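I opened the notebook to look up charged pairs. My entries follow the structure below.

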Amino acid sequence: MEVEEGIHNNSVRVGYYDPFNLYAAIKKDLESNLPLSNLHWKFHPSKPLKSIASLPISLIEEIPNTKTEELNKNIIDDVYLRIMIVKIDNLEFYRSQVRPLIKEWLKKLVLERKIEWMIVLYVPSSVKDKNSTLIKTSSFDKLKVDFGYNGKEWQHIAKVPVYKTDDDSAKFIKIKEQSSNESEKSESYTDLTSKLKELLISSFNERFQEFNRRLAQSKASPLEKFINNLSLGNLFNDMRLYQDALDIFQSLKSESLLNEKLDYSIKALPKSFENYKFFCSTNPASCFTEDAINLFQLKLSLFAAESGLLQNLANSAVSVSISSLFVINLFQKLIYYVNDVSDTFKSADLDEFIFSIVDSFIELPIYQRLIEILNDTDDDTISLNDIYEFRGELKLSQRTALINLASKRGFNLQLTGQFEDVSLTDDQNIDKPVKELQLTNRKLLKALSSENEFQDYFENITESTIQEFSKCSRLKSIDILSIDLALLKYQRGDYEEALNIIEESFDVYISNGWSFMGSFLLDVYLQCLLKVESSDSQRKIFTGLKLISCLKVGTAGQVGINNYSLLMNPEKVESLFQSIKDTCLEQDELIDYPLDALFEIELYPYIEADDSCSASKYYLEVMIVNKFEIPFDFEEINVHLDGEEYDDQLSFNVTNITLEPKKSQKIKVYSNFFKSGIFTPTRVTVRINENLELSQEFGSVGVSDDPNHTVIHFGDPSIKPLAKFRNLPQLLYYQNMDKLWCEFLNSKEIKLGTTSAVLRIHNGKTKLKNLRVDLVPRTEGLNLELNGVDLDIKEIGPGQSYDIEFPLKYFSDNKVVVIGATIKYNIKSEIYSHSLTASLDTTLTMAVSVQDIFRPHFIYSNFSVGTSSPKYPIRLISSLLTTSNENYTIEKPKKSLSALIAFGEQPAGLFFKIIPKPGYSITATDTFDLILEYSNLRSECSTIVQNQITERLKELGLLKYWHLMKVQAIDKLKYDLNNYGINKFIQILNGKELFILIENIILKHVQLKSDQILLLDLFSKIVDEHIDVEELSLEDLTQELHISVAIPYLKHLHIVEAKYERKQKYIVGEPISVKLLIQTETKWYNDEFDKSPKDNGLALAESSPSPSTSASESSHRENFQLSIQNDDGWLISGFKKYSFDLTPYNREQIHEIDLVIIPLTVGKVLLPRCVIKGSQSNTEDDLDTLFKNGQETLLVVPQLDSITFSF
């Protein structure tokens, strides 16, 4: 970047002593070789070589005198080189005048200051310049001999060698007035400038070493170190080593001198700030006097040094980007300096100084140059955002100084952070006292000439600051400054413009926790709305409610400094809320505002029965925290719950509630509607009046179902959902034993092939009339057959029960069905409803099969009674086989057995003897009714355990938790049923596992800690103990299974009888003559049995035979064959197979077969077995064979002498 001169244009000072007025003769030629260029300095072996491109020189005339001699010898002044210009006309002149002057000059200005020096011998044209010879020394050499390092004059003056250099040629130079040619003249002046550079570098180096030596001294005080660092920084600055100087100045902190004696007076300020341009040439070292250190002057000098260095670095930078970094640093330093002096010298009147110094920096030439270069280039990589940001900050400092001065003048603004003592209702036109200020800055004089001028200037500087911040996208600062403009507009009566600026800006403050500021802006916004006629009422309502939401003070009564209630008293808040309610009543729409913006809500997750009344009322509790200083009246509080299944919905409400100020209030909300299940809160609504409500949604945003009723929902992005609601447990709604409750049971009388259930309604303590019951199937495929079922109940007395039995159909392998019941009734014009959804296992736990044994005149029926599932044994209490047909007599064993327990693989057997009357011909419509009374061992165990639990709950006064524990845990108990059936004591199998569930349920759904402890103790004992069962009343547990059994039938009963000579004993091998008589009985069949049971509607037992499909052949001949089975104990002579026919005409015929049988073994030998089979048209189920004496045995003995066979 092109170099420009900075405001600190220091040059290296070189003093000259011209006793003979010779300087004018060499001035022109000397200055033509200035500034010095290309100086190189290596001040430390480990440091890189420093190069100085250009070094300006300032030549100042000095005259040795007494004053200079008295200066402190340790002070190193700002002159780096001293030159004495002399002439020697002759030797006498030299001895009498020149040499004494040189000696005096060296004593007073050189040796006491430890500074480099040079003697310039000017040779006028009138004096011949001769070189030295062996006989005579020249004037120039005479100077060297006298004042060189080994000269007698030098040693006499210095006393000891001061400098340790062997070469003193740089100390002396000769300049001729007239040169033989221009080249010689140029060479002489070039030699002069070279020696100047050499001596200056030497002087720089000597001072650098001296300052570092002083800093290294361990005994140096902080003040001494501070001063030496200052001197070192000035050294680098003078040498144009700006970065090194800046590093040193930045390391200096005035705070390190706080232990020194400080002077806090304001010094070094100009008398006038008219056309003020900041420039401070004060050396920081001058701030240190014997009395005290002037802190203001020191801070000002340090800042001046740093600012000058930064400007010089920016001007000399090689690129725009590097230059911009130095400008940014410069602005940062200025901001820090302004803030520092403002905080340090609070009592001083520095506002005009701050305004002026910022004004002088804000339009620096280097900044303007940067902008011009960037406008002329297309390089997008260079950004001036930081410069814009710091310029904005500087303008803010100017603005603050302006506000402070205006306040002293009597001009006040209601701004962000400055409005605590200003009321929005103050009359802006009241005359205020105006004070005159002694100002010199022209801008300030004009800006503070009147209040209107001040407001105009304030508006302009604020807009200018916004422009700077907009260039660097500092949006929040823009918002804050825009609000200042809006407040100014409000003060000046421009309410429309103020509204446009403040719109939604208060959310920025509120969302960031700046409640006071946000509330104030809301108040301003609301006042603007009230003053603007075109503003709609809904915006006023919303703004007012939002303002009220920011005025919470808490229940402790302490108001924090971030609360706008400091300025808005309870009477104003109450008046504001009343005006909102009145405005809402004028609206046609319902206004819905977020509830948690005003109140904290805590919903207790317990639904309890209301013990204060006998009716079936339930309630849940809501804690509402009113953090305002005023009470609130609510028309209604409503809590809406949604069920997990079946789209169940519930509402709990209470009317006419008053919230006390600064208080947490627990409120009960009631419901006359019971619905069993698990519910979650979806909405809490507080109705203020008919057009204003506060609500909190916990699911999707609700939409009004009424197209004619518009609801205006105000969302508030600054309000977050309440964590208490978000993490709220689910609410379990369960029945109470003291209120109306109901249950589903299986019917006590079960007819095979049909299923019935019973809804048992238990009434509480209130007499109920005109109840209506609705039954709903909840299982897919379940059909409730309610035709003919009376669902209207006229009356149920207190403590009474009422049963409603209804049939159902459900075709599935899983017999567990879910049924819903709703009972509706009125009590004193109040509508009540009780809804229960419960599962019911309709599985028939008993399995029955039958085997029929036919005899000529009666039938034996053998029933086998077992379980449908091996896991669940049953207890068979009684059995009965009956019929309404008088033509039959049924007999059972005379000795009856006690109750039998049928296990999975041990069914119980029942025998019945069915005897038809003589001559009666059975028909297909003849049926019997088998009645089995039984109970389930599982139900018995459950009943015993439940009875014990209910008794203990009554003793503890905790019976209200019975249904909670029954549905959630007790019904899940598993028992050792085989052990119970045999040993008569109950053992719970899953007690430990289930207790974990019970514990979780109790802790989750029981509110009182004392109740939790009692319940846990109760159930811990129940699940672990063995329950002995002595006597059990099975009256309520028994069920009756009715099975309609069809009359068994048999088409042919063949009766076989063996006729032979009866002897006491028979001889082995001795033939025995046998006549087999075959008679066929057909009384157990008629043609009606050929019809299908499906057609005639007969109910058959499981083992009843299916009728033959050969009915069409009943009138034809039927063929049968008797076969005598082979037997190793007998030899049979005769036909082993015999065929015979049966026709309708010979059914009574007896067939005879003659045989001879010979026993082959001794002992009691059974007669040979016979089997009769029919033809292909007869199935095995159509016939049976009765061998009358088939089980008879013959005693066969051996013959001792011989065995004789006779044929």
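Is Arg 474 buried, partly exposed or exposed? I found Arg 474 partly exposed, with a relative accessible area of 22%. I used these cut-offs: buried is under 20% relative accessible area, exposed is over 50%, and partly exposed is in between (1.4 Å probe, protein chains only).

I noted that this is a predicted model, where local features need pLDDT of at least 70, side-chain atom pairs count only at pLDDT 80 or more, and totals for chains, interfaces and linings use all residues. Residues are numbered from 1 along each chain as its sequence is written, and side-chain values use heavy atoms, with hydrogens and water left out.

Next I looked up the partner. Arg 474 pairs with Glu 389 in a salt bridge (a side-chain nitrogen of Lys or Arg within 4 Å of a carboxyl oxygen of Asp or Glu). Their closest N and O atoms are 2.9 Å apart. Glu 389 sits in helix 13 and Arg 474 in the loop between helix 15 and helix 16, so the pair ties together parts 85 residues apart in sequence. I took helices (H or I, at least four residues) and strands (E, at least two) as DSSP runs, numbered from the N terminus. Glu 389 is partly exposed at 24%.

Then I turned to Lys 1051 and Glu 1118, which meet in a salt bridge at 4.0 Å, N to O. Lys 1051 is in the loop between strand 40 and strand 41, and Glu 1118 is in strand 44, so this pair links parts 67 residues apart in sequence. Lys 1051 is buried at 6%. Glu 1118 is buried at 5%.

Last, I searched the whole structure and got 49 salt bridges.
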